[in-house]
Amino acid sequence: MFGGLVTAPSNSPHLRKSGSRPVVFDLATGEVENGVEEDFSLSMETNDLKSASTPMSTAAMMPSPILLWRFKVLLFFVWGFSCCKIGWDSVMRMSVDLRDLFLYEAFLYYNPLLLVTMMVWLWGINLWVFSQANVSYAKIFDLDQNHLTHREIWKCATWMTIIVPTSMTAYLYLYSHGEVPLAASQPVLLYCAVVMILIFPFDIFYLSSRYYLLRTLWRIVLPLQAISFSDFFVADILTSMAKVFSDLERSVCRMVHRQVATIAWFEADSVCGSHSLAIPFVLVLPYLFRFFQCLRQYKDTGEKTTLLNALKYSTAVPVIFLSALKYHVFPDRWTNFYRPLWLISGILNSLYSFYWDVTRDWDWSFTRIFKFSKPHIFSHLLYGRKWVYFWVMGSNLVLRWAWTYKLSAHLRHNYLTVFAVAALEIFRRFQWVFFRVENEWNKMNSKTNIQLSEKDLTEEEEKLLVSNEHNV
């Protein structure tokens, strides 16, 4: 009766673990048999050692984040060197006469996406500065909680940096080795992939952010509703990318007419040549979008400053079309009449745009600088330093004039120079974003403070009225 086998109570400190041997109790003596006790203790120690060593071994197998990051950087540099080496060897295989023409065509196809990649990298830097400075850009642009952070923007830019040059390297390599049909397919596949990623309907590749961008572009093209800050902000950025849209139009034109990796398009008067009338019409589209946005704002608000802003965008139209006339009028007529008009319109557009940037978009005086609430390395270096104003204002004026160079079709023969000018314009817009968003953030805070002050005054008046009624 008292010497049978029983299981240990649930609250026993010697409760066995799964897989261990059963424990035998002698209730008469209250002691456990020595052999079983030793076996049980050994089993407990072994299991404890196994459980303790498992996370240690797992942690030892995982590489450190710093080591993983260094490995990625090493792979990136190896990839970049490989692309440069293969591209250079491929170009050197071509004849001297064909080399420049072929590079011009290659830059035409890949120049737009390279500039867009640069814009994405710089936009990530903008967001990083705003996040460090406690500027709620999500509130300014009316973004939801799933908006992309600067890290996700940089991740997208990294993939773009890898894919676009890889496609360009494959194009150069295949063409130089005689695989012309395969070479011609590279830019076509790249453009199709970009379109598919943008319109992909499934919840991958940041679906909400992609559709937010597409909705914004749709509102820019058809301003049938009230213009939000994000609408005209993105439209302003598109004016800096007019060259991107022009090259996209010519690239798609040559793909449609099957002129990729051929010499048919070298004729300037061909359908997709450099004298095409479609070029100035595509260049002027971003300015027309912004022009109609200003008219819509005037309809909604009645503010006359929006008409002055519309006038600013209209000054870009003669710069573009007067330049295009060079290919459609006699040389003497261009030199004696249209060229002076083009110079005057270019100076007017640059000065007007510069004035509007400083006085309206930035709302500047010579004693203001970043006034973000949280000090950080960027604002600490720039706060209260007047040289920042002189640099930003001076570079903005110079690059405004250089941008006129890019808008002019008759000055776009050197593709490397045009690419450099377009990249500098994107850098100018990168600088512009900081102060434009800061100005909007200050306006929002001022409105909030005014509303809070009015609310406090109302509450104080109500308290006084209640106090007076009580005294009466």
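**Cysteines, a helix pair and a buried aspartate**

Cys-192 is partly exposed, with a relative accessible area of 43% (buried means under 20%, exposed over 50%, partly exposed in between, with a 1.4 Å probe and protein chains only). The model is predicted, so local features need pLDDT of at least 70 and side-chain atom pairs count only at pLDDT 80 or more, while totals for chains, interfaces and linings use all residues. Residues are numbered from 1 along each chain as its sequence is written, and side-chain values use heavy atoms, with hydrogens and water left out.

Cys-294, at 0% relative accessibility, counts as buried. The whole structure holds 1 disulfide (a pair of cysteine sulfur atoms within 2.5 Å). Its partners are Cys-253 and Cys-272, with sulfur atoms 1.9 Å apart. Cys-253 lies in helix H9 (residues 242-256) and Cys-272 in the loop between H9 and H10, 19 residues apart; helices are DSSP runs of H or I, at least four residues, numbered from the N terminus. The link is left-handed, with -75 degrees about the S-S bond, and both cysteines are buried.

Helix H10 (residues 278-301) packs with helix H12 (residues 316-324) at about 175 degrees, their axes 10 Å apart. Axes are lines fitted to C-alpha atoms over the stretch in contact, and angles run from 0 to 180 degrees between N-to-C directions. The two helices are therefore roughly antiparallel, a term for angles over 145 degrees. Residues meeting there include Leu-283 in H10 and Ile-320 in H12.

Asp-357 lies in helix H13 (residues 331-361) and is buried at 0%. Beyond four places in sequence, Asp-357 contacts (heavy atoms within 4.5 Å) Trp-362, Asn-396, Arg-400, Arg-428 and Trp-432.

Technical notes. Parallel < 35°, antiparallel > 145°, perpendicular 65-115°, else oblique.
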